[in-house]
Amino acid sequence: MQLFEIAIVDDDQTLETKYVIGQLLDNSHLSKVTKVTIVDHAKARTLMEKNKVVATIVIPEGFSRDVKKGLNTPVEVIGNGDRPLQAQLVRHLMESAAKLTTAAQSGINTIDHFLAEENVPDDVRHAEFKKSLLSFSLHILGRGTIFEMKEKKNLFQQDILQYYVLSFYLLLIMIWSFGFLVLLRERINGPLRNRLNSRGITEWKEKFAGFAAAVVSVSLISYLLSLPITWLFGSSAINYGNLLSIVRIVLTFSAFFMMLAVFVSNDQLFLLFGIGLIMIGAVAGGHVIPVVYFPDWLERIGMFTINSWALRSVFDPADMQSIKMLGLITISCLVITAVYLKTGYRRCKR
Amino acid sequence: MNLSIAYFKIREILLHPLSLVLIFFIPLGLTLIVGHLVEKGQKQLEIPIAIIDEDHSDFSRLLVERISGQAKIHLYQVSGEKAERMLLRNDVDSVFVIKKGFQKRLLTGEREQSIEVWISPFSMAEGIVREVIASETARLTSDVKAADWVVKVYKSLDIQMDSSKTWNAAYDYTDSQWEPEPLMTIQYDQLYLEESGAGKSGFGDSPYLRLWTFFTMLGCFLTSDWIVREKGVLFFRIQSTYHGLVSYLIQNTVALFLFHLFQTLLTFYIFVKTNIIQMRPELLLLMFVYLFVCLSFSIWSASFINQIGSYYIVSFLFVIIIGILGGSFFPVQEFSSTLLKLSVIFPQNLLLSSNQMNIQTPLFISGAIVLWILAIRRLWIKR
């Protein structure tokens, strides 16, 4: 993600707001991707108009005074609608930052309140206030120290970049399998089919020959494309086990699209269904966002796509469930196609 | 002017249900169906995390309870072994272990490394989750710190008190400031450039509008296949007729454009009625321009290709690639500055970005007219 800018307008200009800004900015996650500028309203508006900032944070006048009294005066976060993803990221991080500020300020307020209750002189209260402000701010800034990080991985586990490379690779296999059959459809027109029929080459044989050609060609292209991926990520990305699973996946996709081609005779509809199924498979199968982040209903839809099983198979070639499922889908598609073509042939003969 | 060809084309489309499906159902129906699913899915996306409570104390239970109440986080409370298995199988984004002695350490002010975070190379969102957990832990530690501080200051000022009671009172007072709402909250608004007073025309980020740009382009390409089908057979004969080939091409494309125009109007009406977009005439105008550009592109592409299968493959790849790069599926421009600069050349930018009315719209219209003329000229010469 590119580095993006955030504008902060401090209308309150107090010691507390300076600490609040410090707390907002001290976020390793945010500082990796953002650049923060403290500006006035006019400049913030100009930056927003020029699409230079992702969000403007406005700390309102009287913010510190109200917070001390326990009154909530919301900090305004204006996200740039033209950059919705980045604006949402700022929103989520600001929500956490607001909680951190509340944690610090509630502590500071408590100390001041208890001293006031005991009629402690103003100079002592003021000194304690300044001390607590600094101490609680530092306390919040050091929030990261509560965590102890540990990275765990297994042999076949992929990182997120590897995930997306393999996921896109799989999507390409799907598109090739479909595209091959689209190109094949136009080669055999009505008159040619009649001539082939007269020589004993039935539609049944013609379709399965096309299927075999698609499997061989797409497997070969897929293998060639796997070479740069292996070179980039090492053999953990695509090894011999994966190559076998890729052939299985090509078989499944080709069988599925062949079945679709047999059922849908209109070229436009075939293309439409093909694109639709590729899109559904890409989204629900987890090519765009990994399935693990899906809500339950979408995950359930994903289970019905070939893509989700294919992804599982390519990431874990030994996963028996995906092997069985891909095999089952392939055999089902081939049997349905064969039965449909056979019965259709008999119908024609009658 | 004799418009019999246009009339014939309109009649032909009306008599063929498939043509109507391609013109109306693809852009409008699919946009509404897929848009609804995308919107619903986006709202319900959650970050799955596992949490292991090794402390089983009041503080750890409170922390788990507060985290489980967070929107966008799906919490699995499991044992250590199961959590590790879930992490390695990518079933969760990250694992948080509340270590034994968590409460004791927080009460003594030694919060360092009291929560263990397990991440895998697959973890995407642990940074955001860590901030959420840090803020909830900070609530507990600040309560403790404030209570300690009050007792300590009272002692240094020789104020008579029951240490335990004062500590508890200060702790409760600090925590009470989170109710009914925290001291600081944010008020989030999404601003579109038009609202910033610059007189520009951003139309918001709606998955429906994004998807409409994709499905409309797809619909235009699919309905322009008649050029590929007819150019080898019919165009030779048409040139010898009274109307001539140019008139035939123009009238047919205009008839097709009229149908798509009607689809656009219908889409705009439904979008406005369902509050997907606001009633803005300039948006409707830009939708028309976008449609015109898509149709010109499809006709121009069709003029180059002789095989119908090749045309479909080219259309499919073109629409998908332009759809991805132009931002029909998600705002890719946010991922890199190069894509942001590149986005101005994609027609989707007319609807999905701001500041297009001034500069790019006339350029796109001119470009589309040029493509249209080039396509007709090419088909006329190639006859």
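Predicted model: local features only at pLDDT ≥ 70, side-chain atom pairs only at ≥ 80, totals over all residues.

1. The contact between the two chains draws 109 residues from chain B and 103 residues from chain A.

2. The size of an interface is often given as the accessible area lost when the parts come together. Between chain B and chain A the buried area is about 9,700 Å², and 66% of this area comes from carbon and sulfur atoms. On the side of chain B, the residues B:L183, B:M184 and B:E334 supply 9% of the area that this chain buries against chain A, which is more than any other three residues.

3. As for charged pairs, five salt bridges are found by the rule across the interface of chain B and chain A. A salt bridge joins A:K152 to B:E84, with 3.6 Å between the closest N and O atoms.

4. Helix 11 of chain A (residues 267–284) packs with helix 2 of chain B (residues 17–44), the axes lying 10 Å apart at an angle of about 25°. Because angles under 35 degrees count as roughly parallel, helix 11 of chain A is roughly parallel to helix 2 of chain B. The crossing of helix 11 of chain A with helix 2 of chain B is left-handed.

5. Which residues meet where helix 11 of chain A and helix 2 of chain B are in contact? From helix 11 of chain A come A:Q268, A:L269 and A:L272, and these meet B:L18, B:L22 and B:I26 in helix 2 of chain B. By class, this contact between helix 11 of chain A and helix 2 of chain B has five nonpolar residues and one polar residue, with no charged residues.

Notes
Residues numbered from 1 in each chain as written. Chains lettered and ligands numbered in written order. Heavy atoms only, no water. Axes fitted to C-alpha atoms, helices over the stretch in contact; angles between N-to-C directions. Helix = DSSP H or I, 4+ residues; strand = E, 2+ residues; numbered from the N terminus. Parallel < 35°, antiparallel > 145°, perpendicular 65-115°, else oblique. Left-handed = near helix turned anticlockwise from the far one by under 90°. Contact = heavy atoms within 4.5 Å. Nonpolar A, V, L, I, M, F, W, Y, C, P; charged D, E, K, R; others polar. Buried area = accessible area lost by both parts, 1.4 Å probe. Salt bridge = Lys/Arg side-chain N within 4 Å of Asp/Glu carboxyl O.
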